[in-house]
Amino acid sequence: MRRRTPPPPSPLPQRDGIDPVRVRLPGEGAWATVREHLVERMGAARAAIVDGMLEAGLVVGADGRAVAPDAAYVPGMFVWYHRELPPEAPVPFPLEIVHRDEHIVVVDKPHFVATTPRGSHVTESALARLRRELDLPALGAAHRLDRLTAGLVLFTVRPEERGAYQSLFRDRLVRKVYEAVAPYDPELALPRTVRSRIVKERGILAAYEVAGEPNAVSRVELVEHDARGLGRYRLLPATGQTHQLRVHMNRLGVPILGDPLYPEVAAAVPAGDFRRPLQLLARELEFTDPVTGTEHRLRSGRVLEAWTSYDGWAGAPAAGAAQ
């Protein structure tokens, strides 16, 4: 099999912990200029933005030189530019370092922080913040947690080692333990293992279950319950489908407290509203380091506030909740 030639290094530095956009011009197409392709790629409504970037010299080639507004289209050519990002509401909760060595950084992520840049959560993502705070521009994520889920996330320091750590999660070699707070149902027999086929479509917020071969497996255990009708649950996912634990808890009739998608999609909250966080926490990660052979057993120090102080969680002010 023919091996792909790696792209050239970026001639532009990161900005606020965010890599520049890299575009490789397709080998076939009817574009006469680089501008024409970029306008089609970004959408005709953004033509003025493309023109402004080209005129200001903000689009560069592999040699770092600005691409002229009338530069001819060259199949296979690489160009780079920085996206103009809208302001983001700061997420006022710290990223706690649980473990750091020359190969990995494991962070205890708060609720409301995206793991990696996505959608409207870019410079406030955990990856961008850690790159800035730790001065590690090559830092990368080995896996992801939902923005609304708190807990342990593993990042890699060296790009050439990232694949080794990602394979731990792909090959199910990481023991993951989650904790959740949800309603208590005395009729629900636990522990049990839930198996189903989960589908998550691009552009649709909630995942859903369909008939077919299971691709999602979760063990659900009840740790304790109280007189308020709440339960504290221990969740052990054997697979890693999007929203898997949230879907499975909802299927059992005990949706996780603070979930804006299950059982029903709620209206979006304003940016900067950090009330009633999802009561789901990635509590433990256990794995053998594929580079050093070290046995890692890491644990989040966070608490789920709906269990320790339900009134505080339910009536928390917009500037803080369950951290």
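The side chains of E221 and R234 form a salt bridge, with N and O 3.0 Å apart; the term covers a side-chain nitrogen of Lys or Arg within 4 Å of a carboxyl oxygen of Asp or Glu. E221 belongs to strand β11 (residues 216-225) and R234 to strand β12 (residues 230-237), so the pair ties together parts that are 13 residues apart in sequence. Strands (E, at least two residues) and helices (H or I, at least four) are DSSP runs numbered from the N terminus. E221 is buried at 18% relative accessibility, whereas R234, at 26%, is partly exposed. Here buried means under 20% relative accessible area, exposed over 50%, and partly exposed in between (1.4 Å probe, protein chains only).

This is a predicted model, in which local features need pLDDT of at least 70 and side-chain atom pairs count only at pLDDT 80 or more, while totals for chains, interfaces and linings use all residues. Residues are numbered from 1 along each chain as its sequence is written, and side-chain values use heavy atoms, with hydrogens and water left out.

The count of salt bridges comes to 22. One of them joins E286 and R297 at 3.5 Å, N to O. E286 lies in strand β13 and R297 in strand β14 (residues 295-299), so this pair ties together parts that are 11 residues apart in sequence. R297 is exposed, at 60% relative accessible area. Salt bridges with shared partners link R175, E284, E286, R297 and R299 into one network. Leaving aside neighbours within four places in sequence, E286 is in contact with L173, V174, R175, H296 and R297, contact being heavy atoms within 4.5 Å.

Just after the helix, R172 has a positive phi of about 60°.

The second largest pocket holds about 530 Å³ of space. A pocket is an open set of points on a 1 Å grid over the protein atoms alone, where a 1.4 Å probe fits, with protein on both sides within 12 Å along at least five of seven lines; lining residues have an atom within 4 Å of a point. Of its 28 lining residues, I18, D19, R83, P117 and V122 are the closest to the centre. Elements giving two or more residues to this lining are α2 (47-55), α3 (126-134) and β6 (140-141).

Definitions and conventions
Points joined across faces, edges and corners; volume = space filled by probe spheres on them.
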